[in-house]
Amino acid sequence: MRQALALARSVMTSTTPNPRVGCVIVRDGRIVGEGATQPPGGPHAEVCALRDAAARGESVQGATMYVTLEPCSHFGRTPPCADAIAAAQPARVVVAMGDPNPQVNGQGLARLRAAGIAVTTGICADEALEINAGFIARMSRGTPWAWVKMAASLDGRSALHNGASQWITGEAARADGHAWRARSCVVLTGMGTMLKDNPRLNVRAVPTTRAPRRAVVDGRFEVPEDALLFDSANADGVETLIFTADPRAANSDKAARLADRNVRVVTLPEGDTHRVDLPAMMRWLGSHDINEVHVEAGAGLGGALLSAGCVDELLVYLAPVLLGDAAAMLRLPLIEHLEHARRFEFTDTLRLGADLRLRARDAARWQALHHAIMCRQD
């Protein structure tokens, strides 16, 4: 199963909106076939592994298949994997986690068992969920898995009061941040960052086979038409999204000009004081096949997303420096009692050059995903 998980990790940037899945077929202690899900429209991991076994001249009948997600049982861009497995007649299929997709959700396992194949579930489920948290979130709750990426000093400061922030952390930390951009479906920022930094939000420091979309939260539709962000949209052919609360924006001449540059303007319900309704934005993203959102924004938008209940995880890069009286990582409402504090649990620490990367998750949200992957046919 861990070999299957490694295969799933090898396609972290290429399968969206489909899940990252790996499959290994074992017979008499030997791997006789393996594969990982291909880009949309291509074969899934199980079919790749079956084809690999056939190319090696190996029979799958009586073998054991290890797959990181319940095999699909419906027709999408490709036929059901459960049917292909049933036709190959392995003796046993070992599955890491169930698929909460309403079109699957236990039906894949049921088809295998109906074909006389033994099924074992829940092997390395935590590791499998780590790889596909975004897909599981979208399928089970209708919204993507979202993390906020921040770079800060030891005293929790992200920029000087004059706005200078490049660079608090070193090259290794910045490259790791780009790797997280690459795995996401959307890189999201706000107008404060747009006006201060004029970012491209593209992936530069690591190789990738697929560019994520870029998105801007722009309540008043004030984004400059000469923003470098739109050059990225033309360069890699990936759509850029502008989320606004201005009801006139989508039909404006400015929106038409931006459309020619591969930019879509999305008008959402207004929050307060011309601000975008952030939960509505997350629901829109989920309904448009977005699995993971990587937020790189200022303290204002980061804090607003947290306050609106839109953040699942924090990705914090700490540099061994002190900045003193400077801008904070997040702007959050004042609280009077510790029981009102927003609490996360640390899940990972990593040394990157002179810097330290910390990951922290909302424990309740993670547990909800765990519940969602429980195999329905056990």
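## First stop: helix H12

Select Ala299: with a relative accessibility of 17%, this residue counts as buried, because the cut-off for buried is under 20%. Keep in mind as you look that this is a predicted model. Ala299 sits in helix H12, which covers residues 299–307. Setting aside neighbours within four places in sequence, Ala299 is in contact with Ala328, Met329, Leu330 and Arg331.

Now slide along to Ala304, which is also placed in helix H12. Is Ala304 buried or partly exposed? Ala304 is partly exposed, with a relative accessible area of 27%. Not counting residues up to four places away in sequence, Ala304 touches Leu278 and Arg331.

## Second stop: an open sheet

Next, colour the strands S1 to S5. Five strands form an open sheet here, in the order S2-S1-S3-S4-S5, and the pairing is mixed. Which strands stand at the edges? They are S2 (30–36) and S5 (118–121); each has a single partner strand, so one side of each is left without a neighbour in the sheet. From one strand to the next, the twist averages 15°.

Zoom in on S3 (residues 64–67) and S4 (residues 92–95). These two strands run parallel and are joined by four bridges. For one of the pairs, select Tyr66: its bridge partner in S4 is Val94.

Show helix H1, residues 2–9. H1 lies across S1 (22–27), S2 and S3, and runs at about 150° to S1.

Then switch to helix H2, residues 45–55. Its buried residues are Ala45, Glu46, Val47, Cys48, Ala49, Leu50 and Ala53. What covers them? The cover includes S1, S2, S3 and helix H3 (81–88). After H2 comes Gly57, whose phi is positive, near 75°.

## Fourth stop: a second annotated site

Select His44, Cys72 and Cys81, which UniProt lists for "binding site" in an unreviewed entry. They are spread over 38 residues of sequence, yet they cluster in space, with a largest C-alpha distance of 9.1 Å. Of these residues, His44 and Cys72 are among those lining the second largest pocket.

Take His44 by itself. It lies in the loop between S2 and H2, and it is buried, with a relative accessible area of 19%. Beyond residues up to four places away in sequence, His44 touches Asn18, Thr37, Cys72, Thr78 and Cys81.

Move on to Cys72, in the loop between S3 and H3. At 8% relative accessibility, Cys72 counts as buried. Again leaving out residues up to four places away in sequence, the residues Cys72 touches include His44, Glu46, Cys81 and Val104.

## Last stop: Arg359

Finally, jump to strand S16, residues 355–361, and pick out Arg359. Is Arg359 buried or exposed? Arg359 is buried, with a relative accessible area of 10%. Show what surrounds it: apart from neighbours within four places in sequence, Arg359 is in contact with Glu130, Trp180, Glu313, Leu314, Leu315, Glu345, Phe346, Thr347 and Asp348.

Note on methods
Residues numbered from 1 in each chain as written. Predicted model: local features only at pLDDT ≥ 70, side-chain atom pairs only at ≥ 80, totals over all residues. Heavy atoms only, no water. Pairing = 2+ DSSP bridges. Axes fitted to C-alpha atoms, helices over the stretch in contact; angles between N-to-C directions. Contact = heavy atoms within 4.5 Å. Buried < 20%, exposed > 50% of the residue type's maximum accessible area, 1.4 Å probe, protein only. UniProt positions renumbered as here; feature names shortened; annotations may be inferred. 1 Å grid on protein atoms, 1.4 Å probe; cavity = no way out; pocket = protein on both sides within 12 Å on 5 of 7 lines; lining within 4 Å.
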